[in-house]
Amino acid sequence: MAEAPTQVFVVTGMTGAGRSTAAKALEDQGCFVIDNLPPQLLPDVVRLVCTEHGDETQIAVVADVRSRGFFNHLQGAMDELAERGVRYRVLFLEASNDVLVRRQEAARRPHPLQGNARLLDGILRERELLRDLRGAADLLIDTSTLNVHQLATKVAWLSAEQHPAGTATVVSFGFKYGIPVDADMVVDIRFLPNPHWDPVLRPKNGLDPDVRSYVLGQPASGEFLSRLDALLETVSAGFLTERKHYLNLAVGCTGGKHRSVVMAEAIGERMRGRGVETLVVHRDLGRE
């Protein structure tokens, strides 16, 4: 396995955050998927799959707190894969506590760490248990506002073969709805004049040419984009040096309808111009 080009996706995260949907999306991408595997068996399973299906097989393994004590062995198993030359990436899925409570109640199943306590207590215990793993994840997706189809699309896009210059997701959002928890960087563009106060532009959104012209026509817009472009170039290069190939940039205005949408699109265009594969997502567009 020392020379194996095998790639392993370790799918983990909060109960109810969409691990099964992510695993199914990876399976649709051609991955060999194994659910609820005791982590210490991971190196042996990878070796077996490579023997049966070839060294170029992509493997996705779902590891979570259902494995209980076995879960503590996950980092050791991943270290062993790295020593054997197997590339692995950790995909961590999470959602806000209130969303996880609603999903778990809808499923009519107790939380695996709930015991005799409240459902929320189980969620908080799990969040604490997974804190270090979340911090070390290669891919972090907040599924609070995603449906199953949106999550599957995002997983498929992020799991594609890495672009030499890295990949990025630029998310527009409204501060009044909360900051995306999976953001690596957050930029606040509420310093720009708000089209909301123009009666003609108010019903339109940032994808409309008139709104785009209004926002990009502000004197501060060009300077902001130029300065941010230089910053992102430095950050992207540093991420690649540290073997982090993904950047999640969140661009926020008040409601996520006008300014943030325009600027997210403009930033995405500039990043693509530098060779960075970029996905632009408008989280709160249409929410008002």
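In this report a helix means a DSSP run of H or I that is at least four residues long, and helices are numbered from the N terminus. The structure described here is a predicted model.

**Helix 4 and the residue after it**

With that definition in hand, we can begin at the end of helix 4, which is followed by R108, a residue whose phi is positive, near 55°. Most residues other than glycine have a negative phi.

Within helix 4 itself, the buried residues are V99, L100, V101 and Q104, and helix 5 is included in what covers them. The contact between the two helices brings N97, L100, V101, Q104 and E105 of helix 4 together with L119, L120, I123, L124 and R127 of helix 5.

Two packed helices are described by the angle between their axes and the distance between the axes.

| Helix pair | Angle between axes | Distance between axes |
|---|---|---|
| helix 1 (residues 19-28) and helix 7 (residues 148-158) | roughly 50° | within 9 Å |
| helix 4 (residues 97-107) and helix 5 (residues 119-129) | roughly 125° | within 10 Å |
| helix 8 and helix 10 (residues 259-273) | about 80° | 9 Å |

On the side of helix 1 the contact is made by T21, A22, A25 and L26, and on the side of helix 7 by V148, L151, A152 and V155. The residues of this contact divide into 7 nonpolar, 1 polar and no charged.

For helix 4 and helix 5, whose axes cross at roughly 125°, the angle likewise makes helix 4 oblique to helix 5. The crossing of helix 4 and helix 5 is right-handed.

Helix 8 and helix 10 pack at an angle of about 80°, and these two helices are therefore roughly perpendicular to each other. Their contact is formed by V211, R212, V215 and L216 of helix 8 with R259, V262, M263, E265, A266 and E269 of helix 10. This contact contains 6 nonpolar residues, no polar residues and 4 charged residues.

**The nonpolar cores**

The largest nonpolar core has 50 residues, and V8, L42, V46, L91, L93 and V155 are those with the most contacts inside it. Helix 2 (residues 42-53) gives the most to this core, with 5 residues. Apart from this core lies another, of 26 residues, among them L192, L228, V235 and L249.

Which residues does L93 touch, if those up to four places away in sequence are not counted? They are V11, T12, G13, M14, A17, G18, R19, A22, I141, T143 and L151.

N36 is found in the loop between strand 2 (32-35) and helix 2, and N36 has a positive phi of about 55° although it is not a glycine. Because its relative accessibility is 31%, N36 counts as partly exposed.

N194 is found in the loop between strand 7 (185-188) and helix 8 (209-216). Is N194 buried or exposed? Its relative accessibility is 17%, under the cut-off of 20%, so N194 counts as buried. Leaving out residues up to four places away in sequence, N194 touches Y214, T254, H258 and R259. N194 and Q114 are 80 residues apart along the chain, and their C-alpha atoms are separated by 46 Å.

G255 is found in the loop between strand 8 (246-253) and helix 10, and because its relative accessibility is 8%, G255 counts as buried. Leaving aside neighbours within four places in sequence, G255 is in contact with G174, K176, Y177, D284 and E288. The C-alpha atoms of G255 and D28, which are 227 residues apart along the chain, are separated by 35 Å.

Methods
Residues numbered from 1 in each chain as written. Predicted model: local features only at pLDDT ≥ 70, side-chain atom pairs only at ≥ 80, totals over all residues. Heavy atoms only, no water. Core = buried A, V, L, I, M, F, W, Y, C linked by side-chain atoms within 4.5 Å. Buried < 20%, exposed > 50% of the residue type's maximum accessible area, 1.4 Å probe, protein only. Contact = heavy atoms within 4.5 Å. Axes fitted to C-alpha atoms, helices over the stretch in contact; angles between N-to-C directions. Nonpolar A, V, L, I, M, F, W, Y, C, P; charged D, E, K, R; others polar. Parallel < 35°, antiparallel > 145°, perpendicular 65-115°, else oblique. Left-handed = near helix turned anticlockwise from the far one by under 90°.
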